[in-house]
Amino acid sequence: MSKHRPSVSDRNNHAAEQRAGEAWPEDARDLPRQGQAKPDHSPTVEAKALSFSVNAKQLLDSVDLRAESGQFVGLIGPNGAGKTTLLRSISNVLSYDQGSVRLLGEELDKLPARHVAEILALVPQIAPYTQGFTAFELVLMGRYPHMGRFQVEGKEDDGIAERAMRLTETESFATRTLETLSGGERQRVFLARAIAQQPRVLLLDEPTSNLDVLHQLKILTLVRELVDDGLTAVAAIHDLNLAARFCDRLVLLADGEVQTEGVPEDVLTAETIEAVFGVEAAVYREPATGALAISLIAAAESADVEAPVGSEVMEAPSGKPAVAARSEATSGIR
Amino acid sequence: MLYAGVSGLRGYRQMRVSARLAIGAAILLALVLVVALISLSLGPVDIPTSHVAAIILSSIGFDVAEFARTEQLVIDQIRLPRIIVGASVGMALGVAGATMQGLFRNPMADPGIIGVSAGGALGAVIAIATGTAALFFLALPVFAFVGAMAAAFLVYGIAAVGGRFSMATLLLAGVAVNAFLGAIVSAIIIVLPDNEALREILFWLAGGLDSRSWEHVRIATPLIVASTAVLLLMSRDLNLLMLGDDEARSMGVRVGATRIVLLAAAALATGAAVAVSGTIAFVGLIIPHTLRLVLGPDNRVLIPLSALAGAVFVILADTVARTIIEPAEFRVGILTAFVGAPFFILLLIKNKRQVYSL
């Protein structure tokens, strides 16, 4: 069960109730409980059979996702696999066509939008408009969902925002406007805002895509620590080594479908990487960190052929042969 | 000295929202009072400010000094209602401009430029031409509001490209809507036989505050104050909307409903202002822009202070307009255009790159 997060704001009683771990999951809220999972492992996020399509292109095809408190789930997969779409569906940004999402056991559709923002924070991949706000002003916006309509942020909110900026090492440019920051600095400011939001669930879309190696490590370590304190994190990550090292579980997506999922060791095999990414890879234990490491050797020869090798090792949870679906799509492109 | 000023501004920017709001409101409120007092004393009959103060105080029950009866009449029946109408109009245009710039994520948005004022003017013209305005007193603002609202949503529909607003499309949509609505107004003027209504209609073509009375205060001021209050209550949501629809949604804003309420409230304020003053251009552009340089983009500060600064600006402009070529009167709309058009061009030059992109 999730530990009580240290930085809980007591300003909003409703939010505080929500976050007081004891109240959940015993608090049934008159809603039928999903499945018969033991209370300790009830998911904070549970997506079932999510489907979404745009212009007849199936971006998500019956995707399941489950994440618990204290769990860091990584979404991996090639470009266009549906990682961002999945994150956007879970965070209420986009309304999926079919399926259901439950947040702390409640139907996402039925929760008021403000309440969802109290529970869940999204760090977007790119933030196109920043409109002259300073970094600190932006981070303070993380407090909005916790404030009443007639409230403005007070000392306590300032403190929460400052702490979030310290954690993400963004306090040195707190008073600069976002336009003057680099992509990586901006990305950290948006993470700081998500932390200031004090969510139970943190969704990150490519959180390290613009970061230098030092900050890639620092930011993922920070997320890892927050997760160890009881947060649920779901992140789309391109870098397989980072995904293997920091995530508890990986969900491999391709063409809008879950290809395979599980602990990194089970998901990131040379066969799977070659089949899904079309890259010949060596997977081994990195002696320095003890983490699973992936060396990308070359674009696989087999990426060009109709049926890539290793198709027999891949059985998607749905029972569909994942690789067949994949090669069908690739042959369509060629 | 200069450095102290600049770092003072920077210090202000770093204050908490409530402090920024309190300081800004105190300064601007004082300015409103000073400008109103000066404006009340100036005119064909100059009335000393001490008498003005005494007259105002006596009207709320404090007899502190002597003044002439004629002076009281001039203040009570002519100058005070005109100044209150002017202040309300400035308030409306200031908040509508600030809101539209946020909603359209675009610094060039202004009720006049994008055609919302023209929509309001057309509504008002129709109310007069059909005689509805003479039948009941709210007809004028209601028609103006409907016109402003229709124009606002029309421009919004034309200019929105997948939730984005390119500056070029927005400005061009504004040009087209302005031209179209102007053509309808011209057509109405040509076919209209009634001279009395015609004179009244011509009033709307260049904005002015001449011979505004307490009736105009009753028509416009409550609506403008109410819509300003709505915009102020929604200003936090507007902050999030400025960052993009997805951003706003993920932070718990109901984007569609919020945008409609914001646009409707801005159109209501504009419509009420147009109903009593015609189209006074550029106030909604100049005021929020200038304030944003000092206050930053936070709408919770920007919207209320744009209301106050807009009031100061319009009272000031109207005072200049009615005293500069005494005994004749300039119209305030002409004066704001004199200041506003160069300002608009400066902004265009500054934002050139954005104008041509997308």
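1. The contact draws on 25 residues of chain A and 24 residues of chain B, two residues being in contact if their C-beta atoms, placed from the backbone, lie within 7 Å. On the side of chain A that touches chain B, helix α3 (residues 113-119) of chain A contributes the most, with four residues. That side comprises 14 nonpolar, six polar and five charged residues.

2. This is a predicted model, in which local features need pLDDT of at least 70 and side-chain atom pairs count only at pLDDT 80 or more, whereas totals for chains, interfaces and linings use all residues. Residues are numbered from 1 along each chain as its sequence is written, while chains are lettered from A and ligands numbered from 1 in the order in which they are written.

3. Chain A contains 11 helices and 12 strands, taken as DSSP runs (helices H or I, at least four residues; strands E, at least two) numbered from the N terminus. Of its 334 residues, 47% are buried, that is, have 20 or more other C-beta atoms within 10 Å of their own C-beta, placed from the backbone. Among contacts in chain A between residues at least 6 apart in sequence, 66% join residues at least 24 apart.

4. Helix α4 (residues 69-103) of chain B has 35 residues and spans 49 Å from first C-alpha to last, close to the expected 51 Å (1.5 Å times one less than its number of residues). Because 25 of the 35 residues of α4(B) are buried, this helix is largely enclosed by the rest of the structure.

5. In α4(B), a kink of about 40° lies at B:R79, shortly before the proline B:P81; the bend is the angle between axes fitted to the seven residues ending at a residue and the seven starting there. Just after α4(B), B:R105 adopts a positive phi of about 50°.

Technical notes:
Ala, Val, Leu, Ile, Met, Phe, Trp, Tyr, Cys and Pro count as nonpolar, Asp, Glu, Lys and Arg as charged, and the others, Gly among them, as polar. A residue is buried if 20 or more other C-beta atoms lie within 10 Å of its own, exposed if 12 or fewer, and partly exposed in between; C-beta atoms are placed from the backbone.
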